[in-house]
Amino acid sequence: EWVNKVVPNKFSSLKGDHPRLVIPFFDENNKMFAFQGRAFGNEIPKYITITLDPDKDKIYGLNRLDSTKPIQVTEGPIDSMFLDNCVAVGGADFSRLPVENTTIIFDNERRNVEILKQIEKTIDLGYNVVLWPDDVKEKDINDMIVSGLEQSEIVGIINACTFDGLSAKLKLMEY
């Protein structure tokens, strides 16, 4: 119902409508160009992203980004909120971001063949990547926080498990 107020007639039917957390995407000038609705429960789809400006890439957190500092990138907006100078990419297309000084932090889904292919592609493009250690069982940073890990512990793991180039390829083979 709320989406139809922002984008008239976006949804022709409200059947099956349910509450969602609304996450706004702002550009460098603090102008909202998209928003994402995240389900509170097990509703499918878990995320619905509405684009207001189709010319902009779905990157969350651009309004908080300092491109003069190392950039961290997560898959989900909520995960990015726990890290300094971090953005999230809706749709997991990291190639829109600068390669130099950028670390891509994929979700911890080593059994997911599509994620592994994406990690390999990202390494081939020259990005730093985080390859989570075996003792991290949680799927993502948000789940790590919920399980009781402190932000500083997560940052320590990220720093220790960031790889690039040939070392990333070798680590990915072990992964």
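Which strands and which helix do the buried residues of H5 pack against? The views below come from a predicted model.

**View 1. Packing around helix H5.** The buried residues of H5 make contact with strands E5 (71-74), E7 (102-105), E8 (128-130) and E9 (162-163). They also pack against helix H4 (141-146).

View 2. H5 spans residues 151-160, and its buried residues are Ile154, Ile157 and Ile158. These residues lie on the same side of H5, because they cover an arc of only 100° around the axis. In an α-helix, residues three or four places apart point the same way, because each turn takes 3.6 residues. The face turned away from the buried side carries Ser152, Asn159 and Ala160, which are exposed.

**View 3. The open sheet.** Six strands line up in the order E4-E6-E5-E7-E8-E9. Their pairing is mixed. E4 (59-60) and E9 stand at the edges; each has a single partner strand, so one side of each is left without a neighbour in the sheet.

**View 4. The E5-E7 pair.** E5 and E7 run parallel and are joined by four bridges. Valine 73 stands opposite isoleucine 104 in E7.

**View 5. Aspartate 79 in helix H2.** Helix H2 (residues 77-80) contains aspartate 79. This residue is buried, yet it has no salt bridge. The nearest side chain of opposite charge is lysine 139, 5.8 Å away; a salt bridge would need a side-chain nitrogen within 4 Å of a carboxyl oxygen. Leaving aside residues up to four places away in sequence, aspartate 79 touches Thr74, Asp107, Asp140, Ile141 and Asn142.

Technical notes
Residues are numbered from 1 along each chain as its sequence is written. This is a predicted model: local features need pLDDT of at least 70, side-chain atom pairs count only at pLDDT 80 or more; totals for chains, interfaces and linings use all residues. Side-chain values use heavy atoms; hydrogens and water are left out. Buried means under 20% relative accessible area, exposed over 50%, partly exposed in between (1.4 Å probe, protein chains only). Helices (H or I, at least four residues) and strands (E, at least two) are DSSP runs, numbered from the N terminus. The arc is that of the directions from the helix axis to the C-beta atoms. Contact means heavy atoms within 4.5 Å. Two strands pair if DSSP finds at least two bridges between them. Lys and Arg count as positive and Asp and Glu as negative; His and the chain ends are not counted.
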